[in-house]
Amino acid sequence: MKTITCYLRRLPVIWKLMIGATLLMFLLFATYNFAQYLVLKQWMMHQERDTLHTMMSQVQVFLKDKTDSAESLKLPETQSYMRDILGKDQMMRMIDEKGKELLLAAKNFDPAWIAPVQARSDFLEDAWHGEDHILIYRSPFALGTERGTIEIATNLETFDHFNDTLLWVMVIGGFLAVCISALSGWAIANQFLRPVKALAGAIQNVKQKGLQERVTNIKNGDEISELARLFNELMDQLETSFRQQKQFVDDASHELRTPITILEGHLNLLHRWGKNDPAVLDESLTASLQEVRRLKGLVQGLLALTRAESSQSSDHVEFIRIAPFLAQIKIRAETLYPEFTFKLSLEQQDSVVKMNPLHLEQIVFIVIENAVKYSGENKLVHIAYRTIHHEVQISVQDHGIGIPEAELPNVFNRFYRVDKARNREIEGTGLGLSIAKNLIQRYQGQISMTSVENEGTRVILTLPAVSQT
């Protein structure tokens with residue numbers, strides 16, 4: 001049994017489904033046919049017994065009404081009546097108490113097949129003569145002073161032949177049904193597993209050829225089709241993630257290479273000539289410290305981006321009232337950037353968002369820091385908020401150098417800086433907006449930007465408003 005179980009486990013799924021469907025059909029058909037066969041057999045046997053019982057009743061009524069002694073049994077009228085009530089393969093015999101035959105009528109039935117037996121009461125008996133199945137009904141009778149037994153017998157050859165035929169029909173029908181179910185099960189299993197095979201083929205192609213492979217031609221509209229769609233979406237996300245990871249490594253390598261190269265150059269300069277030259281020593285130390293600060297900022301930005309991508313929006317969330325929150329942000333911004341003017345515009349209606357206060361503060365300060373960096377000669381930064389359709393929109397507007405329209409789709413990418421040659425003197429790593437985007441998306445929010453060159457840039461933060469409970 002263990003060997004059979006192990007063998008079945010190794011079978012392909014299509015064979016398992018086909019065998020399972022075949023066995024199920026076989027059990028259902030066999031159970032139904034067997035039950036039907038037994039019911040029909042019992043019903044037909046009951047009918048045969050009822051027939052004998054009716055015949056016995058007719059004989060007894062005739063004897064009571066038409067005869068009054070044993071001699072009347074030999075009358076032609078009595079013998080004719082007895083022959084007329086018999087059917088094919090039946091016999092009626094009357095015997096006295098000593099077993100002597102008083103009357104005999106038979107049709108295609110040999111009386112020698114059954115021995116005379118006295119009966120004290122009515123009873124039915126199943127008997128066999130060779131291959132012939134015989135049903136016998138015996139009942140006592142009395143005619144004047146004569147006592148005896150009436151025997152009515154019927155050969156169940158036709159009954160048995162019909163049962164055998166019915167059984168064979170059911171067996172052959174069951175076999176054909178099992179064969180048809182096996183073929184149908186194989187066809188259905190093959191149709192069912194075709195998209196699974198396509199999915200397995202796509203996974204194998206992904207393994208051999210790369211992440212660009214996808215599952216095609218599965219549009220059944222069923223669960224397998226949905227699985228294929230989810231697989232394709234997953235592969236799209238994986239391909240995007242790997243592409244972003246590769247871009248991230250390339251950009252990080254590029255960003256790290258520049259300050260490391262500068263540091264190496266100044267250290268070599270110090271090693272060769274700067275040990276005894278104060279001017280060279282001062283210049284190299286100043287440049288090196290500047291590059292170390294840039295490296296520190298780059299590392300901190302990468303750590304912040306990693307935390308933004310891995311943090312959960314449900315970590316330490318609070319209900320934040322936007323108006324007082326932005327008022328505090330304005331005060332802190334004026335302290336950090338005293339040379340700038342920050343204008344705050346608030347709605348009369350105070351809205352509430354649900355998120356981590358540190359995350360919201362980090363997002364808003366990233367946007368304000370960018371506005372300050374690129375404001376140019378105009379030192380005015382405008383902060384405002386409004387509520388539209390159950391959403392809170394916080395906007396930060398500067399009036400600086402602006403961003404070309406073609407560059408706007410890329411400003412939220414990691415390490416991306418508009419016109420790096422022009423902005424080389426402006427500190428930054430190009431990670432701030434990417435961090436802000438990852439953080440705000442954790443709370444089902446959005447960040448967008450509009451800009452006009454030499455007129456300014458506006459960043460809009462959109463968050464779902466909630467009712468404070």
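I began with His 389, which I found in the loop between E9 and E10, where helices (H or I, at least four residues) and strands (E, at least two) are DSSP runs numbered from the N terminus. Its phi is near 50°, a positive value in a residue other than glycine. His 389 is exposed, with a relative accessible area of 72%; here buried means under 20% relative accessible area, exposed over 50%, and partly exposed in between, with a 1.4 Å probe and protein chains only.

Before going on I noted that this is a predicted model, in which local features need pLDDT of at least 70 and side-chain atom pairs count only at pLDDT 80 or more, while totals for chains, interfaces and linings use all residues. Residues are numbered from 1 along each chain as its sequence is written, and side-chain values use heavy atoms, with hydrogens and water left out.

I then looked up Asp 89, which has a positive phi of about 60° although it is not a glycine. I placed Asp 89 in the loop between helix H3 (76-85) and strand E1 (90-96), and at 11% relative accessibility Asp 89 counts as buried.

Next came the chain as a whole. I read nine helices and 12 strands for the protein chain, and buried residues make up 37% of its 469 residues. Of the contacts (heavy atoms within 4.5 Å) with a separation of 6 or more, 61% are between residues 24 or more positions apart.

I turned to the nonpolar cores, each a set of buried Ala, Val, Leu, Ile, Met, Phe, Trp, Tyr and Cys residues joined through side-chain atoms within 4.5 Å. The largest nonpolar core has 43 residues, of which Phe 342, Leu 360, Ile 368, Ile 447 and Leu 461 touch the most other members. Among the elements that each supply at least two residues of this core are helix H7 (322-336), helix H8 (357-373), strand E9 (380-388) and strand E10 (391-398). The largest share, nine residues, comes from H8. Not counting residues up to four places away in sequence, Ile 368 touches Ile 329, Ala 333, Phe 342, Ile 383 and Val 396. I also noted a second, separate core of 25 residues, which includes Phe 62, Met 82, Met 92 and Leu 143.

Glu 151 lies in strand E5 (residues 146-155) and is buried, with a relative accessible area of 0%. The side chains of Glu 151 and Arg 138 are joined by a polar contact of 2.8 Å, that is, a pair of N or O atoms within 3.5 Å, where within protein one must be able to donate a hydrogen and the other to accept it, and residues adjacent in sequence count only if both atoms are side-chain atoms. The C-alpha atoms of Glu 151 and Pro 116, 35 residues apart along the chain, are separated by 8.1 Å, and Pro 116 is also among the residues that Glu 151 touches.

Ser 139, in strand E4 (residues 132-143), counts as buried at 1% relative accessibility. A polar contact of 2.4 Å joins its side chain to that of Asp 122. Leaving aside neighbours within four places in sequence, I found Ser 139 in contact with residues including Met 56, Gln 60, Ala 119 and Gly 148.

Last, I checked Trp 168, which is found in helix H4 (residues 157-209) and counts as exposed at 58% relative accessibility.
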